[in-house]
Every structure is written in structure tokens, then in C-alpha cells.
Amino acid sequence: MPRRDSARAVRTGHARPMTAQRASMSLVLTLLVAVATAEGPPAPPPAPAGTVVEMVHGQAVADPYRWLERLDDPAVVAWARAQGDYTRALLGDAVAGVAADAVPQAMWEVAIDAGRLRRLPNGGAVFLARMDDDPVDALYTRSADGVVTRAFVPAPTPEGKVRTIAFFVPAPDGRHVALGMGENGSEDNALHVLDLRTGQLIDGPIPGVRFPAISWWPDSRRFTYPRLRDAEPGNAGATLYAGQQVHAHTLGSDWRADPVVFGRAMAASAEIPEGDFPEVDIQADAGLALGRHFAGVAQEFGLYVAPLESLGQPQVPWRRLFGADAGYGAPRTTGSAPLVFSRGRLYLTHLPGKGAIHSIDPATPGPPTVHFADPDAAVLALVPAADGLYLQVQTGMRQRLLHLVPGAVAPSMVRLPFEGQFDLVRGDPRIAGVLLRDRRWTARSRYRAVREGKVSEWPLVPVPPDGIALIAEEVEVPRADGTRVPLSIVHPQAWDRAKPLPFLLTGYAAYGINMRPVFNDNLLPIYRDGIGYAVCHARGGGELGDEWHRAAMKATKHLSWEDFIACAEWLVAQGYARSDRLVAEGASAGGLLVGRAMTERSDLFAGVHLAFGLLNPMRAESHANGAPNVAEFGTLADPDEARWLYDMDTYHHVQPKVAYPAVLLTHGWSDARTPFWMSAKTAARLQAASTSDKPVLMNIDFKGGHQITAGAQSDVLDTKAVIRAFFRRVLLEK
């Protein structure tokens, strides 16, 4: 496939069949030979190269490891287990060393993300956490006087599969909670309802409910929810998300009889695109239902309105307010609401540029009222409360909290007792004020309540001491096109600046997501090892608003990894790091960023860690999560976008006879977002291509999903130990 500056591609063809049986048999024989003859840790056998060549718009694209996509093939399972065994054999002593000097369990921080906590009108809260001997994340409650109680922890299935809570949404009564639960990290969730008083599941399972778009009626007996068209467990086809509809459910009723209330099945909303994701938000005080739809990961949405009482009718009289082309969208920041209805007006985030806050009257739509617009400040979040709305905005890398009181045109600033950044907890129009969690590079996070202009600490669980003195720096890396890329740098206070540090550099640069400051038990051992940490806020992220995100999408996506390379070069040039002691790390879409930086500049990094990475986007649309990501990355169906996808593809840019750095690929077998085979194929190709003596390793959680924390606690700790052992091997060993 040509690069982005090459001749235009022409037309899509078909893949030639590969010799699968021969590849599988040769692998099994190789495994047997390797076990029988190797001395010491046996190196994994080379994966057999298949013969698949796909014609993409007239261009031949070789895919020699396509056979590794068949995760139900015993040969693929055997290959993957051999890879995992070799990694643990090679890093065995280092893993043991990591375990020996790990932070004692009694001193672990229970880090509760703001996105995993919901306040209740009675002064309490519900949240997800993994505490004490919890084998997986459990649901906890906090009473108004601060008493924390475990309410529910999922038990494994009779077959031994790990069950985890994917999301939860409390009902207005504070007693019932809708829970989405999946198995082995697959995200093939079923919806249940939990009674917090008894700790018992009282409703469900309702299959095919993948997302937390649950909206309750005030009686806490009914709710709306989106369901897949094919709700049967195990469905993972490329059209999985097409044709979703929003249903209404009454507790105790048969979900199969739940009526459709919004989606293409309704005549009044039939123009919603087939692939869009529909949601309904119940605004009981106004007597309205708001129907929202959006194209997968796209932030922009279209909006409909209907009388709430009509949701029980065979045909709901939805009225369209605006389409996705109006520029209104959902910010990516934790806690932000896509829209807020308050005192007869609908408040929305207008995305273009750095963003603005508008309000409209849904009864008589006209020109919007602009409540906030600042060319120097990016709008990150919009949060409802009983005393108005709260806004989170960012100038450079500094964030502010603003308060828009009812009836006011413009917001006022809330002074916070710390500098830096913060996450907002999802707001509630019945509760005055907001709850936030501060985010700093050099200290652990704490929750704080904001009400009537006053800020007070809101204790949730004990926060252990920081344990080390650190210095954080915010710099800007100049690019040739005049862009200045923010780079956050954290290092031990005791560092001798005359001696470059071993450094870990990371980034994400996709979906408009803002990489925020963090200090936790994952980073503390790294700092204690004398390793610095840096975050490149490359174009494609949301740090500087929607325009920063759109600066590196599709045709210009290459700017993301070019920014990342520039940040790495700057660290070396300014004496912070050396290339032979620099590791790059990227997770999920950040794997695309770091993977392409590695294939462009293999000499710049001593090691690379790719965690559940988007490494083979040319094949993404063959998987269930591909279609929803077209808005961000593009589609193979379009000749130009196919060329751009090829340019983003790490797997297809691995070249033979190149000295690649040491590479660790971490992945969960049941990953529903970036399938495991993306890492498997990339590992196989790197192992065959690299001329260096540095290992290409796989760190596999066979009961895990898209995140390192998705599995059982024992597997999570093992996975983290392997990652840290890899960092030590690459950065600290002579």
C-alpha cells in the first residue's frame, strides 16, 4: 500500500486464501522441537508466515500473519501460550525482584477514579473500587457520615470465568443500581439491577447492553437503555453495533417484551443512520425525553425531543432539534455531561475551535445564547448541579473551575486550593455543588467538595503518604510548522542534572482525550528506581481543545507520532535522557502513536511497551469495534482514507533487517476494543524482522480484556510485575 504521499490507490479487491492447515501444523511441530532441544529459557518459535495478499484499491498488501486472527485455532492458542511462557522465563528473576520490593499491600492506595463514583441525594455515594481482598472491582457505598461498606462483588461463573462490573447507574431512590457485567474482560455485558439494601440482584440479565446509557424514571422502577440488535452473547461480527435501539424496561418484566422508544424503528426517528449509537435522557422535571445519536466514537451528536409521557406509545412523536453537523458534542473529560436541561433551557458544548457553552430553548429553537467562549481556553466539561452549572476549562496545561448560576449570562471563577488539574464527578441537578478529584504529578489525589464557593476535603478512603519527593515541569517542544507541543516531565527531586536519567515517555493523542497528571502506585516504584516519566501531549488529544484533536485525524494523523518523536528528541537534546535509556509506552490508541514512532525511528528508543495497542488499523473494520472508530481514523471503503489507515498501521510498517528496540506487547485475550491478534501479528512480524539482539516479548492475560485492571487481582498483579521487570531490564541493567 502506498504511503500518504504516494500515488492514489484505486479499488478494493479480495484476499487470497492462505495455507492455514500447513501453517498450524508447522507451528505445532516447531513447538515440540523447541521444548525438546532448547537449553535454558527456550526462545519462542518463529511464527509461520502465510500467503495472504489483499488487494486494497488496486494495491497489493501482504498480510503474512493473518492466520493469527483465528483465536479459536489451537495452533494460535499454542503459539500465544509459548510466547507468554518465554516472557516469564526470560524475565523470571526480574519479576521476582519486582515482587520482593513492591509496595506492601497494607500501604496500597485505593485509587478511585472520578468516573467510577456517583453521588446520591442523601449525601452518600456509590463507587467501584478494589480494596483489601477483593478479587475484582467491587461496588461500595459511602454513607453521608463517611462510612464505607462493600455492597456487591461479582462471583466467578461456574466455569471459572472472571465476572466484572463494567458500569453502574444508580436509580433516583438511591436503593436500586443498574449494573453492566461481563466475563473475562470481553465487554459482552448483560444488564442487571442490584438492590443495595439486600445486596441481591433483583432483575436481569438483559443481554446486549454494552454501554452505561441508562436513564431512570423518577419512580426508580423503570429505565431506558440501548440494546444491540443481536443481543445473543458471543456476537462479535463487524456489524455488531449496527441497528441499535433504545428500549424501556420495567423491573420484574421480561426484557424480550421491552418496547422500542427511540431509534430507526420509530417513524419519527427513522432517519438516524444505521450505524449510529442512540441514547435517551429522561428529564422528568421538564416532562421531556431527549434522544441523542452519534456515530461511534464521534463527539458530535444529533438531538431529538419528545414528551416524556409519550414513551409508552407505539410511536413516540420525536421532534428533531438539530443534526450532528450543528457542532454540538460530548466532551471527553471525566464527569462531563453531553447536555444539561435547566430552567427551560438546554445547555450544550459547541465543539469548534476551543469550544463554547451555548443554551437554546427546545420549545422554540432560535439563535443560541453564548455563555462562555474564550479563544485561549478549551472547554473540557459541563456538569449540572442544583445551584447551576459548573464548567471545566483549560488554558495551556492549567485548568479552572467556573460556576454559571441560574439566570446569569456568564460564569464566575471558583478558586481552588491547589494548582494543576482535576477530574469532576458526574453532576446531579438535585445536588448543590460539585465533587472533584485533584490531579497532580507529584502528589496523590484527593476528593474535594465545592459548594457556595467554598472548597473542603471530602474523605472517601485513606490516602497513603506520597513516599517520594518529585519535581514536575511543563515545557513546550517547538515543531518546524510553528506548533508548540506540550510536554510534561516528572523526575525525582534528588536527580543530578549533569547525568541523564533513564526515562519512560508516553502519550495517547486520539479521540480528543486529555492526558491528565497522575501519581499512583504504578508510578511510585518507577520513580524509586530512579526513572523519569514524561507525557507528550501530541496533536490528536484534547489538551488544547477540539482544534488540537482535529489537527491530527485521518489525513494528518501522522502529526501525532511526529510530535511524539519530537518530544523524545527534545528529551535527549536537553540532557534529560539518552536514547539507550529511553522507553516509549503507548496503550490502546496510544499504541498506534508509539508503534508508528518506533517504526519511523527505531534508533531513538531502547525499549517500547505497547499495551492492547491499535497496531493493525487496516484490519480494524473486520472486527466489531472497527465501524464505530471510522469517524476517528477512516474507512477502507474510501481510497484516500484507506491510504491514511495504511500510514497509521504499525504492523504493515515493520520492515525486515531493521534493528528494532526491545519490545513488550501486553494484551488481554478477550479484548473487545483492540483485538488480541493486533499485538500477536505485530509481535510475530517484529520477531521475524529485527536484526538486533533485543527481545520481542508478549505479556498475555488469558482471562483479561482491554485494560490491565480488567481481570482478576492475581492476574493484574502478575501483568504489572512483568511490565516493571521489562522496564528494569531495558532501563537499568548494564
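I started at His-57, which counts as buried at 3% relative accessibility (buried is under 20% relative accessible area, exposed over 50%, partly exposed in between, with a 1.4 Å probe and protein chains only). This is a predicted model, in which local features need pLDDT of at least 70 and side-chain atom pairs count only at pLDDT 80 or more, while totals for chains, interfaces and linings use all residues. Residues are numbered from 1 along each chain as its sequence is written, and side-chain values use heavy atoms, with hydrogens and water left out.

**Backbone entries**

I looked up the phi of His-57 and found a positive value near 50° in a residue other than glycine. His-57 sits in the loop between β1 (53-56) and β2 (59-62). Helices (H or I, at least four residues) and strands (E, at least two) are DSSP runs numbered from the N terminus.

I then went to Lys-554, also not a glycine, and its phi is positive at about 55°. Lys-554 lies in the loop between α5 (546-550) and α6 (558-573). Its relative accessible area is 23%, so Lys-554 is partly exposed.

I checked the bond from Gly-204 to Pro-205 and noted that it is cis, with omega near 5°. Pro-205 belongs to strand β10, residues 200-207. I noted these entries because most residues other than glycine have a negative phi, and most peptide bonds are trans.

**Cysteine entries**

I searched the whole structure for disulfides and found 0 (a disulfide is a pair of cysteine sulfur atoms within 2.5 Å). I looked up Cys-536, which is buried with a relative accessible area of 1%. Cys-567 is buried as well, at 0%.

**Whole-protein entries**

I counted 11 helices and 39 strands in the protein. The C-alpha trace spans about 70 × 60 × 55 Å along its principal axes.

Among contacts with a separation of 6 or more, 60% join residues 24 or more positions apart, where contact means heavy atoms within 4.5 Å.

I put the accessible surface at about 28,600 Å², with 53% belonging to carbon and sulfur atoms; the areas come from the Shrake-Rupley method with a 1.4 Å probe, and for residues only the protein chains shown count as cover.
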